[in-house]
Amino acid sequence: DSMGKQFKDLGRELGLAFGLGVVVNQLKSFAIASVAAARESAAAEAQLEAVLRSTGGAAGMTKDQLTAMATELQKVTMFSDEAVIGGQSLLLTFTNIGSTVFPQATQTIIDMSQALGQDLKASAIQLGKALNDPIRGVTALRRVGVQLTEAQEAMIKKLQESGDLMGAQKIILSELETEFGGAAKAAGSTFAGQLAILGTAMGNIQEEIGGAL
């Protein structure tokens with residue numbers, strides 16, 4: 001505010017008060033938005049850390065691995081890294097999802113969300129239930145139109161009951177890959193998708209500035 005007053009005083013002397021006032025107001029608005037963006041990013045990472053602690057790291061994934069995954073996904077899809085981290089945080093609460101399938105599960109919730117037009121949290125809950133207890137979780141997927149064959153369901157039941165939970169999870173992920181695989185990346189390659197990715201990149205710059213402020 002003090003700097004703005006000085007600019008306006010200078011502007012009056014130069015006959016540019018209105019233009020300088022607009023510039024100062026825009027800079028102030030940008031600074032406020034940058035700080036808000038930095039807070040949102042920090043909150044997402046704090047939530048991720050909290051879930052990792054509360055679950056005792058059951059997924060076998062570190063914060064650095066998860067955030068790196070989110071960063072790479074935001075470069076090719078219309079989802080920001082904060083949105084991806086939010087989805088990952090929910091997936092982590094389903095403690096039967098291990099590190100072997102977690103990256104594929106993260107990609108799957110992004111493809112599901114893109115194809116079904118829903119947010120990542122909804123997809124994370126649907127997939128998390130299915131992977132955490134495949135026999136019962138198949139029902140959750142039916143609600144969004146995912147239909148496994150009788151043979152697939154029988155195999156899932158056999159694998160889970162024999163203790164091969166990962167084998168049952170891979171059948172579910174394979175079916176979802178068949179139905180939704182590549183949806184998010186395909187959307188990201190469109191003109192609208194490229195604009196969204198550019199917007200996310202600019203948002204990341206704002207976060208850096210907001211963090212510094």
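Predicted model: local features only at pLDDT ≥ 70, side-chain atom pairs only at ≥ 80, totals over all residues.

Modeller: Let's start with R142: at 33% relative accessibility, it counts as partly exposed. Its side chain meets that of E153 in a salt bridge, with 2.8 Å from N to O. The two residues are eleven apart and link distant parts of the chain, with R142 in helix α7 and E153 in helix α8. E153 has a relative accessibility of 26%, so this one is partly exposed as well.

Now zoom out to the two helices. Helix α7 covers residues 134–142 and helix α8 covers residues 150–161. Their axes come within 9 Å and cross at roughly 145°. Who touches whom? From α7 you have P134, I135, V138 and R142, and they meet E153, I156, K157, Q160 and E161 of α8. Sorted by class, that contact has four nonpolar residues, four charged ones and one polar one. R142 and E153, the salt-bridge pair, both belong to this contact.

For the rest of the charged pairs, the count of salt bridges comes to four. One of them joins the side chains of E45 and K63, at 3.2 Å from N to O. That pair also links distant parts of the chain: E45 sits in helix α2 (residues 17–54), K63 in helix α3 (residues 63–74), and 18 residues separate them. With relative accessible areas of 27% for E45 and 24% for K63, these two are partly exposed. E49 comes in here too, as E45, E49 and K63 are linked in a network of salt bridges.

Another bridge pairs K75 with E72, again side chain to side chain, at 3.2 Å from N to O. K75 has 49% relative accessibility and counts as partly exposed, and E72, at 46%, does too.

Then there's the greasy side of things. F30, F191, L195, L198, M202, I205, I209 and L213 form a nonpolar patch on the surface, and together they have about 830 Å² of accessible area. Helix α11 (residues 191–212) gives the most to this patch, with six residues. I209 is in that helix, and its 33% relative accessibility makes it partly exposed.

Definitions and conventions: Residues numbered from 1 in each chain as written. Heavy atoms only, no water. Patch = residues over 30% accessible without salt bridge, like charges linked within 9 Å, V, L, I, M, F, W, Y side chains within 5 Å. Areas by Shrake-Rupley, 256 points an atom, 1.4 Å probe, with all protein chains shown as cover. Helix = DSSP H or I, 4+ residues; strand = E, 2+ residues; numbered from the N terminus. Buried < 20%, exposed > 50% of the residue type's maximum accessible area, 1.4 Å probe, protein only. Axes fitted to C-alpha atoms, helices over the stretch in contact; angles between N-to-C directions. Contact = heavy atoms within 4.5 Å. Nonpolar A, V, L, I, M, F, W, Y, C, P; charged D, E, K, R; others polar.
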